[in-house]
Amino acid sequence: IRSVILGCGSYLPAKVVTNADLAQIVDTSDEWITERTGIKSRHIAADGELTSDLAYHAAVAAMEHAGITANDLDLIVLATATPDNTFPATAVKVQARLGMTRGAAFDLQAVCSGFVYALSVADNFIKAGQAKTVLVIGAETFSRILDWNDRTTCVLFGDGAGAVVLRATEGAGTADDQGILSTHLHSDGNHHDLLYVDGGPSSTQTVGHVRMRGQEVFKHAVVNLAEVVKEALATHHLSADAIDWLVPHQANRRIIEGTGRKLKLPAERVVVTVDHHGNTSAASIPLALAEAVNDGRIKRGDLLLLEAMGGGFTWGGALVRF
Ligand code: ACO
């Protein structure tokens, strides 16, 4: 049994915040942000608009695209580092709002790698025969955990959500068959202090804010992403030119271009949304996927390489025949 992506969808809050808007709040400039990150604008959730709201709208779009209803679903895996509440899981709020009454729903936390982790977990549920139709969501409201006085972090992130529907399909599949070919997960808890939130229910009983040593995160990201991409390709004895589209986590244009260059992929085969989404953490890959599918760039049968790296550190990749 393997997992096929039946459909995908996404949702962005209406409010757009430009670099010029941010320059009104902190000592920064459009020039600095553009040059260092490639980000020009990001979407920010309205007051009262929660991660579960963004997730719900992305889920509905993905289910419409897949041509299924909530009755077809037997599992929801929702990746987020910014849940509505400490508990219950944001996934069960989405489950209730979709009107899904059977099966299970849970959250998964791997920060910016969350979507790749969630895809891997869902794929393994399907392979194990424990689920047939799975909604995988990445949804974040990072704006709520940013220190809006810290120019080194608050300019980097945005809010949003993306989702895919996976369906169990007979056959193990070859690299030419449609579906998830493989997923590759890694983590290393030794680098906690390079990227973390300085709060939480057990430690400070507060929510806390994102803290990051950007340059060091950058160096680790470049190395870890190169390794996981190599691992994914080697698993299938594929060379990089077999890839139709690199759909990377959108943290920084320089990291994305670095990975693309290592793979010798022309820029036209790399999906970039960081310029208008910023870093939406677990939402960035499904947002990028939905955008490129909706505008006709990604077509059925294309080979996609997804990759991400985030706090933990966590990192991972997935090869998918769309
Ligand atoms: N506006 C203006 N100046 C700024 C800003 C800002 N928003 N932020 C920092 N600066 C200043 C710094 O204070 C510093 O000034 P100084 O030289 O006087 O001390 C100068 O700009 C250079 O700062 P650096 O941190 O060295 O800049 P760098 O080129 O490393 O870029 C950045 C910083 C964009 C954060 C980069 O390191 C990066 O993208 N790192 C990856 C981090 C990341 O993407 N994390 C997301 C989560 S993990 C992931 O998804 C991969």
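Guide: The model shown here is a predicted one. An unreviewed UniProt entry places at residues 106-189 the feature "domain: Beta-ketoacyl-[acyl-carrier-protein] synthase III N-terminal". Over residues 233-321 the chain is 31% helix and 22% strand, with end C-alpha atoms 13 Å apart.

The domain assignment is a separate matter. The protein is divided into domain 1, residues 2-169, and domain 2, residues 179-321. Between the C-alpha centres of domain 1 and domain 2 there is a distance of 14 Å. The contact takes 48 residues from domain 1 and 45 residues from domain 2. On the side of domain 1 that touches domain 2, several elements each supply at least two residues, among them helix H5 (114-127), strand S6 (133-141), helix H6 and strand S7 (159-169). The residues of this side of domain 1 divide into 22 nonpolar, 19 polar and seven charged.

The ligand comes next. The shell around the ligand draws at least three residues from each of domain 1 and domain 2. In total, 22 residues surround the ligand, and the closest are Thr28, Cys112, Gly214, Phe218 and Ala251. Helix H2 (30-37), helix H6 (151-154), helix H7 (214-235) and strand S12 (303-310) each supply at least two residues of the shell. Helix H7 provides the largest share, five residues. By residue type, the shell consists of eleven nonpolar, nine polar and two charged residues.

Some individual residues also deserve attention. Tyrosine 56 is in helix H3, which covers residues 51-66. Tyrosine 56 counts as buried because 23 other C-beta atoms lie within 10 Å, and the cut-off for a buried residue is 20 or more. Leaving aside residues up to four places away in sequence, tyrosine 56 touches Val94 and Arg97. The C-alpha atoms of tyrosine 56 and leucine 98 are separated by 7.4 Å, although these two residues are 42 residues apart along the chain.

Two loop residues have a positive phi without being glycine. Glutamine 205 has a phi of about 60° and is found in the loop between strand S9 (195-197) and strand S10 (210-212). Glutamine 205 is exposed, with 9 other C-beta atoms within 10 Å. For lysine 264, phi is near 55°; this residue lies in the loop between helix H8 (253-262) and helix H9 (274-277). Lysine 264 is exposed, with 9 other C-beta atoms within 10 Å.

Finally, there are cis peptide bonds to consider. One joins phenylalanine 87 and proline 88, with omega about 0°. Proline 88 is placed in the loop between strand S4 (75-79) and helix H4 (90-98). A cis peptide bond also joins glycine 312 and phenylalanine 313, where omega is about -10°. Phenylalanine 313 is in the loop between strand S12 and strand S13 (314-321).

Key. Residues are numbered from 1 along each chain as its sequence is written. This is a predicted model: local features need pLDDT of at least 70, side-chain atom pairs count only at pLDDT 80 or more; totals for chains, interfaces and linings use all residues. A residue is near a molecule or strand if its C-beta atom, placed from the backbone, lies within 6 Å of it. Helices (H or I, at least four residues) and strands (E, at least two) are DSSP runs, numbered from the N terminus. Ala, Val, Leu, Ile, Met, Phe, Trp, Tyr, Cys and Pro count as nonpolar, Asp, Glu, Lys and Arg as charged, and the others, Gly among them, as polar. Domain bounds come from an automatic or database domain assignment. UniProt positions are given in the numbering used here, feature names are shortened, and annotations may be inferred rather than shown by experiment. A residue is buried if 20 or more other C-beta atoms lie within 10 Å of its own, exposed if 12 or fewer, and partly exposed in between; C-beta atoms are placed from the backbone. Two residues are in contact if their C-beta atoms, placed from the backbone, lie within 7 Å.
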